[in-house]
Amino acid sequence: MSTATLTKGAIVHIMEDRDPVEKPWVVQVLKTTFVEKVKRWRITISDGVHSANVLAATQLKEPIQDGTISENCVMRIVDSDRIKNHVQIISFEVLETPMEVIGNPVPLKGEEKVKQEVTVKEEVAVKAESSPTKQEAVTEDPMQVEKKPDVGSPTPKGPALTSPAPSPPKAEAGSPISMSQSAGNLMPIDQLNPYCSCKIKGRVVTKEDLRAIKTRTGAEKKVFSIVIMDDTCDLKITLWDEVASKYHASIEVGKSYTFTTGSGCVRMGGKFNPAKSDYEMTLNNKSIIEQCTENDAPKVTFRFVSIDQLEAHIKKASVDVIGILQEVSSTTEIVIKSGSDAGKTKQKRNVTLVDASGKQVSLTMWDDMANLVQEADGSRHAILAVRSVRVGDYNGCSLSTSRMSMVELDPELDEAKALKEWYEGSGSKKATFEAVGGGSAGGGS
């Protein structure tokens with residue numbers, strides 16, 4: 001629970017340029033959004049009663065990206081100014097990061113809530129009254145929908161059943177995650193929105209290490225993220241502080257879970273969101289995680305981009321790629337010179353992938369992922385599928401894994417079978433493969 005007191009009436013004073021009752025103002029950050037069109041960060045702030053959008057000065061880019069300014073954090077606005085009709089935050093001080101939204105803030109103008117969500121995605125202005133489905137979403141809570149019995153199902157009567165009810169599945173010893181006994185009213189990931197509570201189910205496809213970041217005030221916060229996938233889409237979920245420490249050891253890649261959250265936990269995704277969903281989810285102390293059985297667990301799916309099409313994705317959203325291992329280098333270690341990991345040693349391995357497009361691309365695999373492939377895998381031309389890799393412009397076009405990537409060697413996929421048939425047929429006879437982006441080319445085997 002938050003110990004900070006937000007400045008009452010701050011949003012009205014900030015947005016309408018009135019003489020403030022109290023300054024500097026203490027507000028809560030509801031979300032941060034990178035607006036591609038203007039290359040600026042936008043911050044939604046709240047005083048517990050009202051909320052509004054403000055711009056972040058260019059020097060605030062780093063604290064937003066490293067998590068110092070994060071969802072639900074409470075900060076003191078030390079300095080701000082006005083650019084035409086927009087308010088810009090120049091300097092700030094983070095006070096704390098509670099796990100929930102303080103108060104019940106509403107947009108300063110009644111129509112703004114709908115407008116803000118649409119302008120981020122569409123870059124156009126619409127009126128709230130022209131979007132009744134959004135208004136319906138505010139009042140409808142899928143967790144409160146009564147489940148009706150199937151037509152023709154008999155209604156139990158009389159006392160207790162003659163046979164004892166089965167015992168619920170037992171969780172692993174010491175785990176805070178229990179086994180799910182009922183799927184309940186599940187919401188598909190591609191139907192998520194910020195206006196309601198929800199319960200979703202998905203398989204964990206990637207999981208970050210638990211890491212600590214420092215705010216400008218020197219406070220240390222623990223954080224990690226996962227990406228889950230159901231049959232409709234994938235979603236990034238972030239866990240902070242106590243919640244991160246509680247669940248990190250228990251959540252496993254490859255297993256399926258249900259996630260139940262209250263309103264206010266789903267936000268628009270940031271610029272570096274590795275998932276395909278437009279939204280991200282943050283779990284708090286009231287969120288519930290339950291493990292599912294494998295009977296109805298969603299399968300991991302890929303959306304592969306052909307190597308010859310990678311240039312179109314340079315410095316954009318991450319992609320999935322599959323290819324034949326043409327070359328695998330030995331591992332090397334480098335020392336990070338700048339950033340939050342400055343001074344730390346990281347392990348890396350470079351591999352070369354080719355596919356039926358006749359192109360090749362270099363992939364850099366970092367940290368533990370560098371050990372998932374060996375030089376012998378290159379000699380036997382194994383198939384490598386990598387989910388959520390970054391596309392850069394080094395040497396024309398190249399790939400790099402991130403904390404959110406997932407690597408599968410010789411996966412049992414239709415695409416892998418087709419790729420293997422191509423390589424065993426004409427692919428292995430190809431003398432050279434042209435590097436995508438115009439880099440150096442490699443030879444066939």
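Asp377, Arg380 and Asp410 are linked in a network of salt bridges; a salt bridge is a side-chain nitrogen of Lys or Arg within 4 Å of a carboxyl oxygen of Asp or Glu. The structure is a predicted model, in which local features need pLDDT of at least 70 and side-chain atom pairs count only at pLDDT 80 or more, while totals for chains, interfaces and linings use all residues. Residues are numbered from 1 along each chain as its sequence is written, and side-chain values use heavy atoms, with hydrogens and water left out.

**Overall make-up**

- The protein has seven helices and 24 strands; helices (H or I, at least four residues) and strands (E, at least two) are DSSP runs, numbered from the N terminus.
- Of its 445 residues, 47% count as buried. Buried means under 20% relative accessible area, exposed means over 50%, and partly exposed lies in between (1.4 Å probe, protein chains only).
- Among contacts between residues at least 6 apart in sequence, 64% join residues at least 24 apart; contact means heavy atoms within 4.5 Å.

**Salt bridges**

- A search of the whole structure finds 10 salt bridges.
- In one of them, the side chains of Arg380 and Asp377 meet at 3.2 Å, N to O. Arg380 is partly exposed, with a relative accessible area of 46%, whereas Asp377 counts as buried at 10% relative accessibility.
- Lys346 forms a salt bridge with Asp367, with the closest N and O atoms 3.7 Å apart. This pair links distant parts of the chain, 21 residues apart: Lys346 is in strand S18 (residues 345-354), and Asp367 is in the loop between strand S19 (359-366) and helix H6 (375-379). Asp367 counts as partly exposed, at 34% relative accessibility.
- Arg211 forms a salt bridge with Glu208, and their closest N and O atoms are 3.9 Å apart. Arg211 is partly exposed, with a relative accessible area of 30%, while Glu208 counts as buried at 6% relative accessibility.

**Strand S11**

- Strand S11 covers residues 234-240 and includes Asp234.
- Seven of the seven residues of S11 are buried, so the strand is largely enclosed by the rest of the structure.
- Asp234, Lys236, Thr238 and Trp240 point one way from S11, and Leu235, Ile237 and Leu239 point the other way; all are buried.
- Asp234 has a relative accessibility of 0% and so counts as buried. Leaving aside neighbours within four places in sequence, Asp234 is in contact with residues including Ile189, Lys276, Arg303 and Arg387.
- S10 and S11 pair in the antiparallel sense over seven bridges; two strands pair if DSSP finds at least two bridges between them. S10 and S11 form a hairpin with four residues between them, and the bridge partner of Phe224 in S11 is Leu239.
- S11 and S14 pair in the parallel sense over four bridges, and the bridge partner of Thr238 in S14 is Thr282.

**Nonpolar cores**

- A nonpolar core is a set of buried Ala, Val, Leu, Ile, Met, Phe, Trp, Tyr and Cys residues joined through side-chain atoms within 4.5 Å.
- The largest nonpolar core has 31 residues, and those with the most contacts inside it are Leu192, Ile200, Ile228, Ile237, Ile251, Phe259 and Met281. Elements that give two or more residues to this core include strand S8 (198-207), strand S10 (220-229), S11, helix H5 (241-247) and strand S14 (279-283).
- Apart from this core lies another, of 24 residues, among them Trp25, Trp41, Met75 and Ile77.
- Leaving aside neighbours within four places in sequence, Met281 is in contact with residues including Leu192, Cys198, Ile200 and Ile237.

**Cysteines**

- A search of the whole structure finds zero disulfides, a disulfide being a pair of cysteine sulfur atoms within 2.5 Å.
- Cys198 counts as buried at 1% relative accessibility, and Cys292 counts as buried at 6%.

**Pro107**

- Pro107 lies in strand S6 (residues 106-107) and is buried, with a relative accessible area of 13%.
- Pro107 and Thr44 are 63 residues apart in sequence and 9.6 Å apart in space, C-alpha to C-alpha.
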